[in-house]
Amino acid sequence: MGDVMRAQDLTVRRGAEVLFKPLNFELRSGQLTWLRGSNGSGKTSLLRVVAGLTQADSGNLTWNGEPMSAASDYRARLLYLGHANGLKDDLSAMESLQFLTTLRGVRHSSERLQAALQRTGVAHRRKLATRMLSQGQRRRVVLARLALETGPGFWVLDEPFDALDDAGVALVQELFQENVQRGGSVLFTSHIAIEAAATPIQELRLQGMKVR
Amino acid sequence: MNGLVAILMRDLRLASRRPTEALMPVVFFVVAASLFPFGVGPEPAMLKQIAPGIVWVCALLSSMLSLGGMYAGDYSDGSLEQMLISGTSALEVAVAKCTAHWLMSGLPLLLVSPVLGLLFGMETDAIGVLMLGLLLGTPVLSLLGGVGSALTLGLRNTAILILLIVLPLCIPVLIFGAGAVSAYEVGLAPTGHFYLLGALLLLSALGAPLATASALRISV
């Protein structure tokens with residue numbers, strides 16, 4: 001218990017432009033963090049840095065005091081969902097889910113996978129190629145990965161509520177709660193307001209460099 | 001290791017879902033090679049002499065044909081991101097993708113090459129030499145191709161750019177591969193050529209996945 005990610009004077013560049021003012025924050029277990037900022041303020045870029053896909057331009061990011069590159073347990077805890085779903089058009093929902101979880105070193109039985117898809121409401125479409133699914137249904141297939149988690153995960157989610165209907169939004173909030181109760185934490189971006197449920201939501205605002 | 005196998009199996013399964021697309025390089029190989037007798041004339045002696053060169057050039061071009069899609073699809077749908085953050089190392093990703101590419105483009109070429117050999121009137125022994133050369137040489141094409149494909153991720157109109165990066169690097173393979181058969185046909189031992197092809201294979205097997213892995217980390 002008590003994992004903490006700490007950022008000190010973090011800056012991220014896109015090309016020559018520095019995206020936001022040097023950022024200091026702490027993400028602790030049991031926290032929900034809503035990353036906010038206007039379009040182009042660097043939310044996705046920051047999430048990619050936190051997920052370890054790109055490097056920060058300056059400043060440092062540590063996991064339990066260790067630099068990210070040395071923190072071996074971080075990879076196992078991290079679950080990153082970007083704008084792109086990571087689904088292959090020609091694979092079925094079950095096959096895609098199986099592949100994505102095997103990549104992270106976990107092999108689930110098909111019953112578990114089916115139960116997760118059931119929970120996100122796309123179990124009846126599990127054998128269809130994902131190209132046949134609607135945008136919202138594809139998102140639900142990907143969100144089944146959250147429903148499969150059992151440990152305290154460190155979730156980094158870019159617009160998880162995108163393309164979801166109201167029931168979907170409620171479900172994702174429920175999954176957030178479960179992860180937080182397990183001692184995990186969630187860092188997410190969203191354009192819609194999330195109602196504060198049992199856990200208070202911490203806000204992290206990105207401020208642009210330019211004076212508007 | 002699990003990740004490596006998972007990526008490999010997934011790529012093979014994806015190819016099986018689109019069989020016509022997967023067979024395209026082989027079809028191109030056969031069609032392109034069989035155009036030569038129409039172009040240069042049907043004299044058996046000349047065809048027999050130029051056959052190894054034709055087979056090798058067509059093999060080279062056909063394996064280039066499928067390079068563009070090696071990483072581009074996974075890049076655009078987000079699969080590549082998921083692979084790279086999953087704890088599977090970029091090196092394993094590169095090895096898995098190269099192996100899958102060879103199984104789907106190199107191996108089929110190897111298997112249909114005897115048919116082309118017969119078409120050009122090559123003798124059985126010479127066809128054996130040709131196949132051994134292809135066995136050693138085609139993996140080099142997939143390995144080097146992986147580097148070119150990973151380097152051009154995220155750019156537009158990559159097909160020509162990949163050709164420009166990869167083709168010059170493949171010339172030694174072409175020379176020694178076709179040279180082995182020519183040497184055999186004039187009565188010399190082709191072993192020297194095989195050793196050199198083997199050396200190229202070792203060199204690229206050691207270097208190319210590392211280069212591909214770094215290119216992937218930069219591009220994603």
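Predicted model: local features only at pLDDT ≥ 70, side-chain atom pairs only at ≥ 80, totals over all residues.
## Secondary structure of chain B

Chain B contains nine helices and zero strands. In sequence order, its elements accordingly read α-α-α-α-α-α-α-α-α.

## Dimensions and packing of chain B

Along the principal axes, the C-alpha atoms of chain B occupy a box of roughly 55 × 35 × 30 Å. The radius of gyration of chain B is 18 Å, which agrees with the value near 17 Å that a compact globule of 220 residues would have.

Of the 220 residues in chain B, 48% are classed as buried. Among contacts in chain B with a separation of 6 or more, 82% join residues 24 or more positions apart.

## Interface between chains A and B

The interface brings 21 residues of chain A into contact with 19 residues of chain B. On the chain A side, two or more residues are given by each of the elements α2 (72–77), β8 (78–81) and α3 (93–103). The largest share comes from α3(A), which provides four residues.

By residue class, the side of chain A that touches chain B comprises eleven nonpolar, six polar and four charged residues.

## Summary

Chain B is built from nine helices without strands, and its radius of gyration of 18 Å agrees with the compact-globule value. Chain A meets chain B through 21 of its residues, with α3(A) giving the largest share.

Conventions
Residues numbered from 1 in each chain as written. Chains lettered and ligands numbered in written order. Contact = placed C-beta atoms within 7 Å. Nonpolar A, V, L, I, M, F, W, Y, C, P; charged D, E, K, R; others polar. Rg over C-alpha atoms; globule rule 2.2 N^0.38 Å. Buried ≥ 20, exposed ≤ 12 C-beta atoms within 10 Å, placed from the backbone.
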